[in-house]
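This report goes through one structure, beginning with a single strand and its sheet and then turning to a helix, the domains and the surroundings of the ligand.

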Amino acid sequence: ILTATGAFLYVTQQQNHPPEQLPVDRTKPTLVVLGSGWGATSFLKSLDTEEFNVVVISPRNYFLFTPLLPSVTVGTLEPRSIIQPTRYITRHKKRKVDVYEAEAQEVDPVKKTVTFQDLSDVRGSAGSVTIPYDYLVYAVGCENQTFGIKGVPEHACFLKELGDADKIRTKLMDCIETAAFRDQPQEEIDRLMHMVVVGGGPTGVEYAGELHDFLIDDLKKWYPEVADRLRITLIEALPNVLPAFSKQLIQYTESTFKENKIDVLTRTMVKDVKEQAVVVQDANKEIREIPYGLLVWATGNTSRQITRDLMNKLASVQTQRRGLVVDDYLSLLGGDGIYAIGDCTATSYAPTAQVASQQGIYLASIFQKLGQKAKLERQLNELRATSADPAEIEAVAKKLSRASKLTPFHYSHQGSLAYIGSEKAIADLPLFNGNVASGGGAAMLFWRSAYISTLYSVRNRTLVLADWLKVKIFGRDVSR
Ligand code: NAD
């Protein structure tokens, strides 16, 4: 135990804080990274910063492990267990990295500048700044899709950011407490205890699963007077949920939801959102209202304003509405020195964390080569200037030509996982030259171990494991 503790402490103490890092070097190119999500973080983790002055700009100064976000909405996990400050990542770099918590507002691909604004509302907020870049890694992700449906931003809760999970948790407990208030009319109890999820993609399905667990494991004990009135309805416009999963897993999920009394309304489209009810149109084109207490909106994503502006500036080549178009090396079409990765791009891959993180790692390898190239070019110039041995010059020239050869990005799909509640998960895995679909307890163990191993730090792994254990022993915290 002592050795393990010693090793653990040694690992956690191995850090380069800014004072020990190489200082900014004005002779090196400036590399600006926009974002701190899956793409930007995996890029930063793998990046060798020696040959660049790196600046990171993101409205949140941390990385959020999104696959476990639904677990935060019901208190299975604590919010801080699944985030990691961006500075924890950049402190391991050779050269100091500037990290600004700010929102990028404009990219000028001609002048090669980025304008960003401090979001803080403390007095004396830093305002807006414009800086030049030599290279830009554009990884700003996307925002919630509402399809322009009225009432969504005002009345629904999204499930994308950490603050969203917190808002859902507060609203959920608020509904339950109010339903449990004395002498509430029966109809009002039914409305308050009706939790509606719109969108049957993985986000909506995982949230419905977590909510079900909360009901069975905790609410029944703490709120016996109203727990049985809790109803969960999942509304999906398509004929089935989880269109990206195999048929077998779709059926498994739908039958598990049936057992768990989660109502799935397929071929049903939300048309309007009111303060206490959603207006839906079903397969027979009939319109009706469904009253709700809590409404979670998970209908996918769309491009951010800054991305749409960038597309407009490069309109002759950026013709996809879905997102930014990049070449096989993730270089933005029409953007000199700009690379784009993750959900803000329109590629042949689904906009998932897995794709973004592989793109980030790949792009770091491109920058490794760019750095190597710059070093070798300097070396070659020095050798030529001093009329060095021709054999030596040729050897460096060969290395330079190797560093200039790039291989295109290739995505390797590792499978899809989703938690569906009641200790069951589904796994669609590309194994043995085919797809292996698995659902149930074994898939759940796999889900847990896969997520624990993909968490970026020992600290996060420890916190998540401790939260799971805590919930097993004490149950979830039902305080608002
Ligand atoms: P999604 O785009 O996968 O699903 C949204 C669903 O909402 C669609 O099925 C759509 O038909 C439905 N919808 C849209 N408008 C509607 C309306 N008005 N009424 C009713 N239904 C409506 O969205 P997501 O679940 O947020 O996922 C986004 C991306 O992230 C996807 O690529 C997904 O694969 C990925 N993701 C993966 C996982 C995982 O693998 N565990 C988890 C979360 C997200």
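A residue counts as buried if 20 or more other C-beta atoms lie within 10 Å of its own, as exposed if 12 or fewer do, and as partly exposed in between, with the C-beta atoms placed from the backbone. Helices (H or I, at least four residues) and strands (E, at least two) are DSSP runs, numbered from the N terminus. The model is a predicted one, in which local features need pLDDT of at least 70 and side-chain atom pairs count only at pLDDT 80 or more, while totals for chains, interfaces and linings use all residues. Residues are numbered from 1 along each chain as its sequence is written.

**The sheet**

Strand β16 belongs to an open sheet of 3 strands in the order β14-β15-β16, with antiparallel pairing. The strands β14 and β16 (287-291) stand at the edges with a single partner strand each, so one side of each is left without a neighbour in the sheet. From one strand to the next, the twist averages 35°, where axes are lines fitted to C-alpha atoms, for helices over the stretch in contact, and angles run from 0 to 180 degrees between N-to-C directions. Two strands are taken to pair if DSSP finds at least two bridges between them. The two pairings are set out below.

| Strand pair | Bridges | Residues between the strands in the hairpin |
|---|---|---|
| β14 and β15 | 4 bridges, antiparallel | 3 residues |
| β15 and β16 | 5 bridges, antiparallel | 5 residues |

In the turn between β15 and β16, Lys285 has a positive phi of about 65°. Gln281 in β15 stands opposite Met269, and Gln281 also stands opposite Ile287 in β16. Val278, for its part, has Ile290 of β16 as its bridge partner.

**A largely enclosed helix**

Helix α2 (residues 38-46) is largely enclosed by the rest of the structure, because 7 of its 9 residues are buried. The buried residues are Trp38, Gly39, Ala40, Thr41, Ser42, Phe43 and Leu44. What covers them includes the strands β1 (30-34), β2 (53-58), β3 (62-64) and β8 (135-138), together with the helices α4 (86-90) and α12 (353-385); two residues are in contact if their C-beta atoms, placed from the backbone, lie within 7 Å.

**The domains**

The domain assignment of the chain gives domain 1 (16-142 + 303-403) and domain 2 (152-301 + 414-474), with bounds that come from an automatic or database assignment. Their C-alpha centres lie 34 Å apart, and the contact takes 25 residues from domain 1 and 24 residues from domain 2. On the side of domain 1 that touches domain 2, β3, α3 (69-72) and β4 (83-85) each supply at least two residues, and the largest share, 4 residues, comes from α3. By class, this side of domain 1 has 16 nonpolar, 7 polar and 2 charged residues. Here Ala, Val, Leu, Ile, Met, Phe, Trp, Tyr, Cys and Pro count as nonpolar, Asp, Glu, Lys and Arg as charged, and the others, Gly among them, as polar.

**Around the ligand**

Which residues come nearest to the ligand? Of the 27 residues around the ligand, these are Gly199, Gly201, Pro202, Thr203 and Gly300, where a residue is near a molecule if its C-beta atom, placed from the backbone, lies within 6 Å of it. The shell divides into 16 nonpolar, 10 polar and 1 charged, and it draws at least three residues from each of domain 1 and domain 2. The elements α8 (202-222), β14 (269-273) and β20 (416-421) each supply at least two residues of this shell.
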